[in-house]
Amino acid sequence: METVHTLELKEVTKKMKGENVVNHLSFGVRKGEIFGLLGPNGAGKTTTIRMIVGLISMSGGEILVNGLDIRKNYEKAMEQIGAIVENPQMYDYLTGYKNLMQYARIMPGVTRERIDEVVKLVELEQAIHKKVKTYSLGMRQRLGVAQALLHRPSLLILDEPTNGLDPQGMHDLRNYLRLLADQGTSIVVSSHILAEMELMCDRVAVIQNGKLIRIDNVTNVTDQAQARVHFLLQGSLNDAKSLLAEHFPEKTAEVSDKELIVEANTTQEIGDINKRLVEAGFLVYGIQLKKKTLEERFLEMTGKGGDLNEVSVAGQ
Amino acid sequence: MKFLSLVSNEWIKIFSRTRTWVFIALPILIVLGVAIYGKVNEDDTVKSNWKQEVTQQNKDLKNQIAEAKKDGSPKFVAESLENEYKQNQYALKKDISPYETTSWKFMKDMAPLSSLLGLFVIVVASDIVAGEFAKGTIKMLLIRPYSRWKVLLSKLVATLAFAFFLWVILVAATWLFGSIFYGFGGMDQPYLSMVDGKIHEKLISEYVLANMGLEFIEFAVTVFLAFMVSTLFYSSSVAIGISLFLTFAGNALVLFISSKSWAKYTLFPNMDLTQYLDEGLQVVKGMSLPFSLGMLAIYSALFLIITFAVFQKRDVKA
């Protein structure tokens with residue numbers, strides 16, 4: 001038998017005003033994996049998440065949560081999901097605790113001890129009995145995380161979870177998500193912030209205009225020796241380039257400013273290139289190894305387009 | 001039971017709002033105020049000379065009736081004045097003082113307060129769905145393992161329960177304050193009403209209880225209407241506005257269409273069920289209590305079908 005994914009989307013489509021906002025999207029999230037949905041604003045990430053949690057209907061396709069079709073087994077499937085969809089809007093006239101009680105009452109197996117445990121986890125002990133209207137954005141976000149975790153879901157879905165978190169908060173959230181994933185929880189995180197995804201996720205699905213561009217392994221992306229080596233040297237860069245073309249015909253070198261940029265895979269290659277340059281009389285005063293970031297991969301994948309302007313590289 | 005947890009969640013939310021406590025306190029304070037005011041200003045001379053007073057009233061009524069017939073006011077204006085006139089005559093003949101205040105008479109006099117409660121119920125019913133859409137909290141609720149209809153039904157049940165609660169508060173407060181200020185008892189005080197153009201004498205307690213029962217049915221239909229508007233509109237203030245407009249403009253509308261043959265099939269003439277307790281208050285002819293109850297049942301079913309159908313299918317983008 002095929003291994004059951006915690007979450008599986010098959011050809012999921014959403015039509016709005018005659019346009020496919022989400023277009024035949026398929027992917028599977030494995031048990032204990034942190035899976036990122038990455039794409040510019042308006043790419044269809046939130047729409048996809050809303051379909052998974054049943055807030056909007058699907059125009060076509062299938063969504064399975066632990067093998068349960070959400071259309072046929074809606075309540076059973078939803079029991080296994082904890083989610084934040086965009087900003088976690090809580091009842092601001094209730095205290096944080098009473099907000100959590102609202103959800104505790106209607107989810108299976110949430111005890112008062114569990115509530116206290118989750119409150120401690122998101123470090124809201126001080127403010128939990130204050131009304132939510134007095135909370136900062138970060139506190140609301142943490143309360144949102146708390147409500148999503150209450151019933152120990154096997155699938156946790158967080159839409160832009162780091163919104164409003166300070167660096168420390170983001171760091172804590174990442175660590176906690178990793179802990180949960182190690183315990184077997186599958187986590188789907190959406191973001192348009194690349195750096196964040198790189199730090200947080202195991203795999204990333206890149207989405208643009210509702211379509212899946214590709215699914216990538218984050219560790220591969222960063223570890224893959226797709227490094228670009230920048231040689232800083234004195235002398236004619238063009239001469240250096242032709243030298244390289246002569247000795248390393250399989251390499252393509254680029255010239256930029258005062259650098260010669262070569263894609264190299266191994267330390268051996270880098271050493272060889274350096275040796276050639278030095279032997280030919282170039283003064284090499286620096287070698288920098290720049291790994292391709294997810295961001296560059298992303299740009300490569302999605303091509304050029306106005307949408308890319310919306311992608312932030314670092315935090316907002 | 002899990003469904004009851006949904007209902008109690010809604011109930012808790014209703015009672016966590018400051019306005020809810022105003023809705024509860026205000027009718028109680030008004031009833032108390034009126035009771036005190038009435039007691040303080042009780043006019044013993046009118047009470048003992050009530051026959052003179054009523055005779056004078058009838059003289060005035062006669063003039064008004066003649067005037068109403070002359071200047072072409074709608075027919076029911078003259079009719080209702082005439083009924084009043086006849087009742088006064090009957091009271092004089094049978095020696096039944098309309099100025100005798102008892103706790104039950106006080107309850108009857110306080111009955112119009114129920115339209116204030118109607119207003120409060122509209123606010124709660126309008127807000128309970130639209131408000132969650134406006135604030136975005138609806139999505140936190142709809143991602144729980146409950147079919148949408150269950151979530152909506154829990155809100156409806158909570159609203160009806162709240163309407164019932166307010167109504168009980170009003171009945172209890174009027175009875176309690178009426179009894180404290182005007183004495184316990186008075187259940188057997190006669191009450192005059194017109195049925196088929198004739199004067200009927202019945203017990204005031206019977207009248208008050210029937211009145212309250214019918215009013216609660218009106219309440220329920222108001223809830224269904226406001227609840228539907230609440231589901232159709234995303235903003236709670238828009239929903240409140242529309243529901244209030246429908247309810248109050250509806251009554252004015254009745255006057256406009258009262259002569260049309262189809263008027264009795266519209267909602268609003270049927271919304272006033274207490275009209276059947278006192279004939280002559282009827283604006284649209286050709287209706288009866290069973291007819292109106294039937295019409296209200298049909299309208300309520302229609303409202304609920306629309307509400308649930310829309311809610312079930314709606315894409316939540318809040």
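These are my notebook entries on what I looked up in this structure, which is a predicted model.

**Entry 1**

I began with the division of each chain.

**Entry 1: where the chains meet**

I next asked how many residues of chain A are in contact with chain B. I counted 30 residues of chain A, which touch 29 residues of chain B. The size of an interface is often given as the accessible area lost when the parts come together, so I looked that up as well. The area buried between chain A and chain B comes to about 2,800 Å², with 53% of it given by carbon and sulfur atoms.

**Entry 2: polar links across the interface**

I then turned to the polar side of this meeting, and noted 20 residue pairs in polar contact between chain A and chain B, counting pairs with both residues at pLDDT 80 or more. The elements β1 (7–16), α2 (74–79) and α3 (96–106) of chain A each bring at least two residues to the side that touches chain B, and α3(A) gives the most, with five residues. Sorted by class, this side of chain A holds 18 nonpolar, six polar and six charged residues. The salt bridges between the two chains number two, and one of them that I could look up by name joins the side chains of A:Lys14 and B:Asp315, at 2.7 Å from N to O.

Last, I looked at A:Lys45, which belongs to helix α1 (residues 45–52) of chain A. Is A:Lys45 buried or exposed? I record A:Lys45 as buried, because its relative accessibility is 4% and the cut-off for that word is under 20%. Its side chain reaches the backbone oxygen of A:Pro40 at 3.5 Å. Leaving aside residues up to four places away in sequence, I noted that A:Lys45 touches A:Leu37, A:Leu38, A:Gly39 and A:Pro40, and also A:Glu160, A:Ser190, A:Ser191 and A:His192.

Methods. Residues numbered from 1 in each chain as written. Chains lettered and ligands numbered in written order. Predicted model: local features only at pLDDT ≥ 70, side-chain atom pairs only at ≥ 80, totals over all residues. Heavy atoms only, no water. Contact = heavy atoms within 4.5 Å. Buried area = accessible area lost by both parts, 1.4 Å probe. Salt bridge = Lys/Arg side-chain N within 4 Å of Asp/Glu carboxyl O. Polar contact = N/O pair within 3.5 Å; in protein donor to acceptor, adjacent residues only side chain to side chain. Helix = DSSP H or I, 4+ residues; strand = E, 2+ residues; numbered from the N terminus. Nonpolar A, V, L, I, M, F, W, Y, C, P; charged D, E, K, R; others polar. Buried < 20%, exposed > 50% of the residue type's maximum accessible area, 1.4 Å probe, protein only.
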